[in-house]
Amino acid sequence: PSLLNLSLKSNLKPTVQWLKDLGMDDSQVAKAIAKAPTLFGLSIERNLKPTVQWLKDLGMDDSQVAKAIAKDPTLCGLSIDG
């Protein structure tokens, strides 16, 4: 979806807060969004949380998950369905 069609209250702020809650600092969040602005169009419940759980199921801890997403935020947009 186009970023211009997204709501600050419904999409942008919750996604930024979710990334921070994941353990990313402001700089990491800014870089992740700059690399993959499409993060704002992903559903936290349907896309972001399942991807994080999948990474944790692979053996990553919270810190490793945050670092992985900060390094390559496009991970969040990958399909993890089998």
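Modeller: Helices are DSSP runs of H or I with at least four residues, strands are DSSP runs of E with at least two, and both are numbered from the N terminus. By that rule, proline 50 lies in helix α3.

Colleague: What sort of model is this, and how are residues numbered?

Modeller: The model is predicted: local features need pLDDT of at least 70, side-chain atom pairs count only at pLDDT 80 or more, and totals for chains, interfaces and linings use all residues. Residues are numbered from 1 along each chain as its sequence is written, and side-chain values use heavy atoms, with hydrogens and water left out.

Colleague: How many helices and strands does the protein have?

Modeller: There are four helices and zero strands. From the N terminus the order is α-α-α-α.

Colleague: What does proline 50 touch?

Modeller: A contact means heavy atoms within 4.5 Å. Neighbours within four places in sequence aside, proline 50 contacts Ile44, Glu45 and Ile80.

Colleague: Is threonine 51 buried or exposed, and how do you know?

Modeller: Threonine 51 is also placed in α3, residues 44–57. Its relative accessibility is 2%, so it counts as buried. Residues up to four places away not counted, threonine 51 touches Leu75, Cys76, Leu78 and Ile80.

Colleague: What share of the protein counts as buried?

Modeller: Of its 82 residues, 32%.

Colleague: What makes a set of residues a nonpolar core?

Modeller: The members are buried Ala, Val, Leu, Ile, Met, Phe, Trp, Tyr and Cys residues, joined through side-chain atoms within 4.5 Å. The largest such core has 20 residues. Trp18, Leu19, Leu22, Met24, Leu39, Leu48 and Ile69 touch the most other members. The elements giving two or more residues to this core are α1 (8–22), α2, α3 and α4 (62–71). In soluble globular proteins, nonpolar side chains tend to be buried together.

Colleague: What does tryptophan 18 contact?

Modeller: Ile44, Leu48, Lys49 and Val52, leaving aside neighbours within four places in sequence.

Colleague: How do you know where the buried residues of α2 point?

Modeller: Helix α2 spans residues 26–35, and its buried residues are Val29, Ala32 and Ile33. Seen down the axis, they fall within an arc of 95 degrees, so they line one face of the helix. The arc is taken from the directions from the helix axis to the C-beta atoms. The face turned away from the buried side carries the exposed residues Lys31, Ala34 and Lys35.

Colleague: What makes the approach of aspartate 25 to serine 27 a polar contact?

Modeller: A polar contact is a pair of N or O atoms within 3.5 Å; within protein, one must be able to donate a hydrogen and the other to accept it, and residues adjacent in sequence count only if both atoms are side-chain atoms. At the start of α2, a side-chain oxygen of aspartate 25 reaches to within 3.1 Å of the backbone nitrogen of serine 27. Aspartate 61 caps the N-terminal end of α4, with a side-chain oxygen 3.1 Å from the backbone nitrogen of serine 63. In the loop between α2 and α3 sits serine 43. The side chain of serine 43 reaches the backbone nitrogen of glutamate 45 at 3.3 Å.

Colleague: Why is serine 43 labelled as it is for accessibility?

Modeller: Serine 43 has 16% relative accessibility, so it counts as buried.

Colleague: What makes a pair a salt bridge, and how many are there?

Modeller: A side-chain nitrogen of Lys or Arg must be within 4 Å of a carboxyl oxygen of Asp or Glu. The structure holds three. Aspartate 26 and lysine 20 meet at 2.9 Å, N to O. Glutamate 45 and lysine 49 meet at 2.8 Å, N to O. Lysine 56 and aspartate 62 have their closest N and O atoms 2.8 Å apart.

Colleague: Why are glutamate 45 and lysine 49 about one helical turn apart?

Modeller: Glutamate 45 and lysine 49 are four residues apart in α3, so about one helical turn separates them. Glutamate 45 is exposed at 53%, whereas lysine 49 is partly exposed at 38%.

Note on methods
Buried < 20%, exposed > 50% of the residue type's maximum accessible area, 1.4 Å probe, protein only.
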